[in-house]
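This report covers strand pairing and nonpolar packing in one protein model. Please consult the sequence and structure below while reading.

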Amino acid sequence: MQKMKNVMTIVLLLFFAGAYGQSTGTVSGIISDVDSGKVLENAKVSIADTKLMQTTDQDGKFVLDNVPVGNQLLIISKDGYDEQQIPVNIVLGQNVDVGNILMSATVVDAQDQGVIVLSDDALSDDEAGSSDNISGILQSSKDVFQRTAAFNWGQVWFKTRGYDSNLGQVSFNGIPMNKISNNRPQWSDWGGLNDVLRNQTFTDGLAPAETSFGGVLGTTNFITRASQNRQGGRISYAQTNSNYSQRVMASYNTGLMQNGWALSVLGSRRLADEGYMEGSSYNSWSGFIAAEKKLNDKHSLNFTAFYTPNRRGKNSPNTQEVFDLGGTKYNAYWGYQGALKRNARMKEIKEPTLMLSDFWTISDKTSLNTNVMYQYGTISNTRLDYLGLNPDPTYYQKLPSYFLSKSGQEDYQEAYIRTRNFLTKSPESQIVWEDLYAANALYDDAVYTQYADVNNDKVFAANTVLSHVLTDHIDLNASVLYKSVSSENYAEMVDLLGAKYFTDNNKFAIESEKPNDLNNPDHKVKVGDKFKYDYLVNASIIDAFAQAGFSYNKVDFYLSGNLGNTAYQRDGLFKNGEYAASSFGKSENKNFLTYGIKSGVTYKITGNHLLNFNAGYMTKAPSLRNTFANSRVSNEFVPNVTTQKISSVDASYYYRDQGTKLRLTGYYTYFKDMSEVSFFYAEGLSGTTKTNDFLTTALYGINKKNMGLEFGFETKINSSLKIMGAAAIGQYTYDNNPSLQIATSEEDQVQLTSYLKNYKQSGGPQKAYSFGFEYRDPKYWWVSANANLLTDNYVGLSAMRRTDNFYKDEDGVPIAGITQEGVDEILAQEKFDNIFLVNIVGGKSWRINHRTFGFFASINNLLGEIYKTGGFEQSRKANYTKLKDDMDLDQPLFGNKYWYGRGTSYYLNFYIRL
């Protein structure tokens with residue numbers, strides 16, 4: 001904290017050192033469309049590297065006051081048009097009239113390029129962690145590093161600065177949309193709405209945002225005001241070999257009409273019988289409407305509603321043995337039911353969102369935006385449940401290696417049959433649905449079932465955002481947010497697979513079979529019934545934010561702070577037989593006081609050379625998942641659960657002229673008191689009632705350290721050709737040995753220490769490099785290509801393996817013959833191979849009768865590189881003897897599980913702008 005205070009002091013001194021001797025002038029002009037000659041309303045006009053910004057009025061006019069004297073760069077931007085940059089020389093006390101500036105329609109929508117690469121990864125299995133890497137999928141940053149990280153590196157799960165996506169904030173009209181369950185944005189809730197979500201603001205890292213304090217990753221705020229969407233329509237059709245195979249989208253924006261109304265509508269559809277991975281169907285609809293009424297010159301009301309129901313089949317992580325047998329597209333989650341490919345693990349999201357916004361221009365210097373939002377609906381994830389043999393075709397007892405694992409008892413014939421089934425893609429290498437139905441036909445009480453884990457949320461939120469120009473040099477922003485969530489979570493029976501009912505008992509209880517709900521013993525579950533677990537969580541979030549921004553000739557400075565409270569209370573609706581004392585009824589109301597402060601300064605050495613410094617300290621409430629030790633069956637909290645503390649600093653150098661943009665950034669971030677909850681089956685336990693059992697584990701008191709460099713540049717060779725490059729050099733490690741609680745039941749709990757210090761964090765490459773070019777022909781065709789190298793990607797760790805339990809046998813006796821060298825070898829963290837990717841994208845457009853027709857296409861991973869995007873160590877073998885015996889096999893039965901990236905993928909899009 002003392003270091004952070006010193007940094008803040010330096011920032012303040014720099015501010016006061018530059019806040020004097022200001023001389024200014026004025027810039028004015030008109031913005032028009034080059035083809036139609038019509039003036040353009042709501043075009044953004046700003047001065048580079050200052051906070052001076054204004055939007056054009058209904059006559060296309062703008063006037064920027066208090067522009068620092070000297071050479072400045074005037075930037076004009078508007079959705080659907082190419083950005084204009086015009087050098088101007090400001091003279092003390094004089095107005096520079098730049099006249100009528102003509103803007104040309106954009107050749108291709110860069111935002112759609114982002115969809116090509118990223119939307120599919122955002123839709124991958126949340127539990128896999130792949131959605132962690134999405135930091136502003138639709139962000140409109142012009143920074144070359146951010147574009148490269150999103151469009152070129154996102155496909156391999158690259159995380160900016162190694163940050164999880166729950167460290168950023170995604171908002172609609174300033175209302176945060178991050179889920180309380182994991183604090184991550186649920187991107188599928190607005191998937192397929194690209195054409196009406198172009199009006200957005202994006203801040204990187206600690207940079208100031210106008211609507212909220214934000215997170216250390218930054219903020220993305222979508223503004224759904226209908227009058228600010230570009231007037232006109234757009235129709236597009238796309239084909240791809242990604243998660244979906246086809247997409248059709250149509251949208252229309254009226255702009256502000258003479259009667260004071262503005263309307264934006266969109267509809268889209270994405271679908272695939274089978275996506276890139278085998279057995280992964282995809283079906284999504286998207287609808288959006290925003291209607292705004294301008295009541296008078298000071299007041300407008302805007303209503304927004306969107307609904308994007310989607311249903312898709314998941315894909316499995318697999319061991320290396322399975323990938324070697326089935327290939328990188330192999331998916332263990334499906335099997336044939338008759339001629340139909342049926343996926344056992346389907347994810348379905350149905351969460352409509354309604355929002356009402358009031359925009360009040362109190363005066364020329366003050367505005368107030370107030371919003372209320374209501375979202376409701378369900379997220380469900382299906383899976384198979386079983387009392388017989390595990391139906392998973394990659395269950396270890398079904399793989400060829402299992403039949404060769406017992407010395408002297410090898411069954412080569414069975415191993416050959418299992419190998420042949422995979423290599424020939426026999427139905428036996430997938431889930432055999434007919435066998436499940438046949439097993440159930442022998443009993444009334446189901447042996448196999450398919451059920452869904454359901455999350456049913458009702459969310460109400462309201463905020464008000466105040467913006468005020470205090471003086472010519474000082475802007476003030478403030479907001480207040482209230483958010484209330486009522487979340488019911490339960491298991492729902494989806495399919496009894498031919499049986500009459502399923503008795504809702506825990507057949508794996510420690511002592512004997514126990515009901516999952518003691519208040520309803522021997523419950524005969526039918527389709528649509530709730531069973532296994534059922535609980536409510538009531539959560540509330542209150543947050544207040546204030547910020548002051550200062551802009552002067554040589555120095556810009558800001559100071560921002562927030563104060564809030566997050567509260568969780570669980571209400572168990574089932575009295576679980578294994579957790580009878582803690583599962584039923586209400587838990588303690590857990591409150592987390594959150595606060596933060598951050599500051600930054602930009603020092604303008606010259607008009608081309610700038611220095612920027614930011615520093616911040618903030619606390620963050622843990623997600624719901626990481627607050628309760630096992631929320632499905634218990635009111636107990638993670639031991640010593642507390643707020644996460646984040647300290648962060650960064651320093652950047654910028655160089656900008658008409659032909660070149662360059663940024664070099666160094667950063668350091670420290671995370672303290674994080675927690676993670678997980679569940680798995682383990683063998684080789686000591687100190688617990690059973691030596692082999694299903695565990696609930698809570699890893700808490702985790703500290704992490706992230707540091708590194710970011711570099712990006714782009715330079716114009718001539719008016720058509722430019723080259724660009726980017727580099728990320730990071731080091732992300734665990735910085736302590738956190739505590740680990742393992743539990744098999746309410747009474748059976750053990751406290752351990754997990755020795756994780758200096759191990760690498762997983763989740764994506766820690767180093768990445770890119771170089772490419774872009775050529776834009778005056779005749780409206782263009783092509784861009786880049787080569788990328790990504791390194792230092794590590795497998796996710798098993799915290800259980802790195803405890804004292806690892807050194808003991810099931811009786812708690814130290815295992816004889818262990819050497820530190822042997823332990824280090826067996827616990828060495830796997831580092832994935834380097835990844836080299838070549839991507840290419842290009843397009844062409846035509847302007848005919850004020851309409852734009854065009855197409856663009858992209859090819860990712862042009863060379864067909866085969867690579868691992870992520871993976872994790874299995875925790876089943878919990879002590880040294882059991883793990884070593886497994887790893888000594890030619891094919892470990894419980895080796896690491898991986899996700900592989902796609903091979904060569906394409907995206908082809910045709911569009912018409914009306």
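The model is predicted: local features need pLDDT of at least 70, side-chain atom pairs count only at pLDDT 80 or more, and totals for chains, interfaces and linings use all residues. Residues are numbered from 1 along each chain as its sequence is written, and side-chain values use heavy atoms, leaving out hydrogens and water.

Strands are DSSP runs (E, at least two residues), numbered from the N terminus, and two of them pair if DSSP finds at least two bridges between them.

| Pair | Residues | Bridges |
|---|---|---|
| β34 and β35 | 609-620 and 644-656 | 12 bridges |
| β45 and β46 | 868-872 and 897-900 | 4 bridges |

Thr-619 lies opposite Lys-645 of β35. β35 also pairs with β36 (residues 660-683) through 12 bridges, again antiparallel, and these two strands form a hairpin with 3 residues between them. Asp-650 has Tyr-667 of β36 as its bridge partner.

Elsewhere, an open antiparallel sheet has the order β18-β46-β45. Its edge strands, β18 and β45, each pair on one side only. Phe-872 stands opposite Lys-897 of β46.

A nonpolar core is a set of buried Ala, Val, Leu, Ile, Met, Phe, Trp, Tyr and Cys residues joined through side-chain atoms within 4.5 Å, where buried means under 20% relative accessible area with a 1.4 Å probe, protein chains only. The largest has 47 residues, and Phe-172, Trp-190 and Leu-193 make the most contacts inside it. Strand β30 supplies its largest share, 5 residues. A second, separate core of 35 residues includes Tyr-558 and Leu-699.

Terms used
Buried means under 20% relative accessible area, exposed over 50%, partly exposed in between (1.4 Å probe, protein chains only).
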